[in-house]
Amino acid sequence: MQPATPPTTDTSAGRRHGAPLPRRRLLSGLLAVTVAAPLMFGAAACGDDGGAADPSDPVKLSIFWWGGDARAKLTEDALALYTAKHPNVTFETTWQANQGYFDKLATLTAGGNPPDLFQIDDNYLAEYAARSTTLDLTPYQKSAKLDTSKFPESLWQYGVVDGKLAGLAAGENTQGLVYNKTLLIKNNLPEPTTGMTWEQHIAWAEQVTAATRMPGTQDPSADYKALWVWLRQQGKDLYKGKELGFSAEDVAKWFELWKGARDRRATPSADVIHEGNSSDVTKQLVVTGKAATSWVWANQMPDLKKNTKDELGVIAYPGDPSAQWARASMYWSVFKGSKNRDVAVDVINFLNNDPEAVKLLGTDRGLPSNLDLRRLVSDGTTDPAMKQSIAVEAELTQKFGPSPQVPIKGHSKVKSELIKAAENAQYGRATPAQAAAQFVEACKSAIA
Amino acid sequence: MALTTAPDPTRRGPGSGRAHPARRGPGTIRHREGLAAYVFLSPWLIGLMGVTAIPMLLSLYLSFTNYDILTPFSEVEWVGLANYERMFTADPSYWHAVRVTLTFALIAVPLKLAAALGVALLLNRAWRGVGLFRGLFYLPSLLGGSVALAIVWVNMFNRDGAFNSLLSLVGIEGRPWVNDPDWALETLMVLAIWQFGAPMVIFLAGLKQVPTELYEAASVDGAGRFRQFRNVTLPMLSPVIFFNLVLETINGFQGFTAAFVLSNGTGGPVDSTLMYTLNLYITGFTELQMGYASAMAWVFLLAIAAITAIFFSTGRFWVHYSDGEDR
């Protein structure tokens with residue numbers, strides 16, 4: 001409560017005019033500070049124009065990735081190795097699970113405080129590159145400061161967005177169909193093989209369901225990578241330039257294919273499929289014991305193994321394997337405004353081309369991109385999961401087709417719309433044709 | 001009561017003597033006191049400015065732009081009312097989220113309040129161990145927005161969860177509650193209703209305030225239990241009911257954590273748990289449309305303000321204050 005004062009006297013009139021003034025000034029001062037502070041920090045982060053002048057100046061490089069404990073340990077060891085060779089460079093590492101990673105990266109970037117070096121995948125590479133957040137690595141590549149001469153051509157090219165090298169593949173990877181080997185052997189069932197047609201795969205899954213009471217395959221109709229491979233086998237693609245590479249009829253056929261599979265009980269029921277639609281490795285049906293097969297990335301094998309006691313096998317997706325491609329499992333990108341961009345590029349080069357570092361990192365981020373070092377790693381490894389992962393990729397590499405373009409801006413929305421449409425069909429709330437039409441409509445506004 | 005606080009022109013307030021102009025200016029006691037006040041206030045002021053007022057104004061500005069969170073502010077493009085237009089005319093998932101949220105609030109909030117009042121009436125008696133029960137019923141709402149609780153809920157209401165095991169004991173075949181688009185939202189409602197502890201405690205406090213003479217008088221007049229409840233308890237409790245109703249409605253509209261955890265942040269299965277705030281979050285952070293998400297946030301704020309205003313304007317017809325004046 002304010003002390004009551006006589007409203008009519010001169011004293012109060014004077015106060016009324018005088019008192020608010022310093023208060024107002026103070027408030028506007030506070031306002032200015034709170035507004036200006038983030039701007040100043042933001043400006044500081046963008047202001048500098050490149051590498052440190054003196055190569056021996058101390059540099060602290062911030063680096064951010066997603067992944068588990070095992071990846072964190074390997075990465076920190078490799079970075080320690082870099083520091084041992086370049087004592088002036090130290091690292092500020094941050095890592096977390098995949099869930100929420102991109103929310104945090106976007107927030108950091110918006111705050112003008114992104115890490116110098118960060119891990120990114122093809123869901124977001126185009127989004128970040130289109131907004132000029134990533135440093136164009138082409139000049140470094142040309143001056144051989146970033147050595148890609150031992151990389152498969154299609155692999156480094158998969159990081160090119162609008163003519164700029166927006167990120168460098170941290171490893172090679174491809175689509176993998178993972179199945180429960182133990183279950184099949186126990187029931188005397190044949191293992192699936194690369195090159196089976198889609199129809200053969202579904203018939204095989206039907207047989208597994210009948211013999212084991214465990215549904216033979218996860219219904220992948222909500223899975224964009226399965227749809228993508230299937231589209232490429234039909235001579236289509238997920239994207240063509242800035243447009244969709246397919247029509248509603250194509251998607252309707254795809255949904256129809258899996259409706260048939262569900263009707264034949266080759267797949268689990270809609271609610272179980274929904275659980276498996278999560279991107280979380282621990283919820284994949286092949287490890288939760290709710291289906292004999294899951295549609296994943298081949299480099300997820302070691303992670304999947306940790307979540308089940310059964311032995312797992314991995315092959316290509318059904319159909320012609322040349323629809324699959326050497327995909328960058330993930331990329332390293334440098335923030336365009338980084339003060340230490342030259343050092344950051346050198347670290348990427350080190351993580352990909354230094355024999356010791358590559359040997360340390362193994363296949364955790366996919367097969368090493370450097371083909372010479374890939375051989376070195378595969379010869380030197382004793383870990384059975386890593387061995388298997390390398391063997392499968394090596395076998396498939398022979399059959400790979402050319403890489404498609406990197407997914408365009410709006411891809412993450414396309415992915416979530418596919419899940420929604422496919423689930424609409426799976427729960428029987430829409431016919432395949434209706435769900436497909438709805439999906440294509442939603443995609444068009446997502447990538448517009 | 002009103003008389004004592006009425007302005008009295010003949011009386012001088014306690015601080016009025018100090019207000020003389022000659023004593024003002026730097027170095028005076030008044031000035032130093034003022035400065036001290038600002039110093040003590042500054043953490044709060046900086047907090048208010050830095051984390052509330054400025055971000056809010058900024059988000060209002062951004063709601064008229066195509067801000068996508070990665071582009072620097074300086075390059076943000078002004079798009080006028082385009083975001084609002086899109087929301088109201090061209091975005092089916094927006095209206096879907098509005099429907100989901102309204103359904104949730106309209107069903108869960110009244111049931112939660114009914115549960116809270118019912119249990120509060122039971123726990124208002126003086127029987128042995130009542131304190132323990134009050135604590136136990138309050139516990140779930142202490143865990144309110146907790147992620148852990150939502151995870152427990154998901155596991156309980158899975159196809160092979162504890163709830164279905166219970167049902168199977170009595171020969172009923174359960175459903176995959178949380179993974180069934182027809183039931184996922186209902187499962188969330190049950191979770192919200194179960195957390196009735198906070199309004200229950202407030203109801204309990206309100207019930208303690210009802211004068212026992214009124215019940216005695218009512219029973220002398222021959223009123224039975226139900227009549228006493230209807231004609232004494234409810235009117236006496238109406239300010240507390242009003243308070244809880246407003247608070248829980250706002251809470252209900254803002255439901256986020258449970259829906260986020262249950263659906264892995266997607267609002268699924270098939271958008272059945274796509275609450276307004278979850279849709280807003282996905283739009284802003286996953287789809288990187290922060291300008292559009294800001295517009296959603298402002299419409300949300302206005303909608304909640306409007307609903308609260310409606311409550312207040314209808315309140316005077318049924319809320320009775322015990323000082324005898326109906327306001």
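This is a predicted model: local features need pLDDT of at least 70, side-chain atom pairs count only at pLDDT 80 or more; totals for chains, interfaces and linings use all residues.
## Chain B at a glance

Follow the sequence and the pattern reads α-α-α-α-α-α-α-α-α-α-α-α-α-α. Of its 327 residues, 40% are buried.

How much of the contact set in chain B comes from residues 24 or more positions apart? Taking contacts with a separation of 6 or more, such pairs make up 64%. As for the surface, chain B exposes about 18,400 Å², and 68% of that comes from carbon and sulfur atoms.

## The nonpolar cores

In soluble globular proteins, nonpolar side chains tend to be buried together. Here, the largest nonpolar core has 151 residues. The members touching the most others are A:Leu117, A:Phe255, A:Val347, A:Phe439 and B:Phe203. There is also a second, separate core of 24 residues, with B:Val178, B:Ala184, B:Ala192 and B:Ile193 among them.

Let's zoom in on A:Phe439. Setting aside neighbours within four places in sequence, A:Phe439 is in contact with A:Phe246, A:Val251, A:Val414, A:Glu417, A:Leu418 and A:Ala421.

## Helix α19 of chain A

Helix α19 of chain A covers residues 411-426, 16 residues in all. From first C-alpha to last it reaches 22 Å, close to the 22 Å expected at 1.5 Å a residue. Is α19(A) mostly covered or mostly open? Mostly covered: 13 of its 16 residues are buried.

After α19(A) comes A:Gly428, with a positive phi near 75°.

## A salt bridge between the chains

Over all chains, the structure holds 28 salt bridges. One of them pairs B:Asp68 with A:Arg131, and their closest N and O atoms sit 2.3 Å apart. Why does this pair join two chains? B:Asp68 lies in the chain B loop between α2 (29-62) and α3 (82-89), while A:Arg131 lies in the chain A loop between α5 (125-130) and α6 (138-142), so the bridge runs from one chain to the other. B:Asp68 counts as buried because its relative accessibility is 10%, under the 20% cut-off. A:Arg131 is buried too, at 12%.

The loop between α5 and α6 of chain A also holds A:Thr133, which is buried with a relative accessible area of 3%. Not counting residues up to four places away in sequence, A:Thr133 touches A:Thr109, A:Tyr128, A:Val334, A:Phe335, A:Lys336 and, over in chain B, B:Leu70.

A:Arg262 and A:Asp219 form another salt bridge, with the closest N and O atoms 2.6 Å apart. This one links distant parts of the chain: A:Arg262 is in helix α11 (residues 248-263), A:Asp219 is in the loop between α9 (198-212) and α10 (224-233), and the two are 43 residues apart. Both A:Arg262 and A:Asp219 are buried.

A:Asp237 bridges to A:Arg232, with 3.6 Å between the closest N and O atoms. A:Asp237 is buried at 14% relative accessible area, and A:Arg232 counts as buried at 16%. Elsewhere, salt bridges that share partners join A:Lys413, A:Glu417, A:Lys420, B:Asp271 and B:Glu287 into one network.

Technical notes: Residues are numbered from 1 along each chain as its sequence is written. Chains are lettered from A and ligands numbered from 1 in the order in which they are written. Side-chain values use heavy atoms; hydrogens and water are left out. A nonpolar core is a set of buried Ala, Val, Leu, Ile, Met, Phe, Trp, Tyr and Cys residues joined through side-chain atoms within 4.5 Å. Buried means under 20% relative accessible area, exposed over 50%, partly exposed in between (1.4 Å probe, protein chains only). Contact means heavy atoms within 4.5 Å. Helices (H or I, at least four residues) and strands (E, at least two) are DSSP runs, numbered from the N terminus. Accessible areas come from the Shrake-Rupley method with a 1.4 Å probe; for residues, only the protein chains shown count as cover. A salt bridge is a side-chain nitrogen of Lys or Arg within 4 Å of a carboxyl oxygen of Asp or Glu. The expected span of a helix is 1.5 Å times one less than its number of residues.
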